[in-house]
Amino acid sequence: MNVNNRKCFNNIIHLLGFVLMVAPYLDLWKRPKTRGPKWIRGILIFLVNYLGPIGYLFWGRRVPPAKIASRPH
């Protein structure tokens, strides 16, 4: 791998890390409730590189309950 390819690869990895850091924070800011306190989620997203944001996106978000359609009687 030459120097130009290595720089390109490093830039892609850093961009991926940045996106993985920003996306969960935006979601955390918009979401009214999460599993556990929001401030703990925010710290974990920041401190645990790559795994913190991925963990939040898959397990930390609270999905709003589906609306149950009333059946006609």
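1. The protein has three helices and zero strands. Read from the N terminus, its elements follow the order α-α-α. This is a predicted model, so please read each point below with that in mind.

2. Confidence first. The mean pLDDT of the protein is 76. A score of at least 70 is reached by 81% of the residues. Helix α1, residues 3–30, has the highest confidence, with a mean of 84. Helix α3, residues 51–60, has the lowest, with a mean of 76.

3. Take care with residues 67–71. Their pLDDT stays under 50. In the model, this stretch makes zero contacts beyond four places in sequence. Where pLDDT is low, the predicted coordinates should not be read in detail.

4. On burial and surface: the protein has 73 residues, and 19% of them are buried. Its accessible surface is about 6,500 Å². Carbon and sulfur atoms account for 68% of that area.

5. On contacts across the sequence: consider those between residues at least 6 apart. Of these, 55% join residues at least 24 apart.

6. Is Asp27 buried or exposed? Its relative accessibility is 17%. Buried means under 20%, so Asp27 counts as buried.

7. What does Asp27 touch, leaving aside residues up to four places away in sequence? The partners are Tyr56 and Arg61.

Notes. Residues numbered from 1 in each chain as written. Predicted model: local features only at pLDDT ≥ 70, side-chain atom pairs only at ≥ 80, totals over all residues. Heavy atoms only, no water. pLDDT = per-residue confidence, 0-100. Helix = DSSP H or I, 4+ residues; strand = E, 2+ residues; numbered from the N terminus. Contact = heavy atoms within 4.5 Å. Buried < 20%, exposed > 50% of the residue type's maximum accessible area, 1.4 Å probe, protein only. Areas by Shrake-Rupley, 256 points an atom, 1.4 Å probe, with all protein chains shown as cover.
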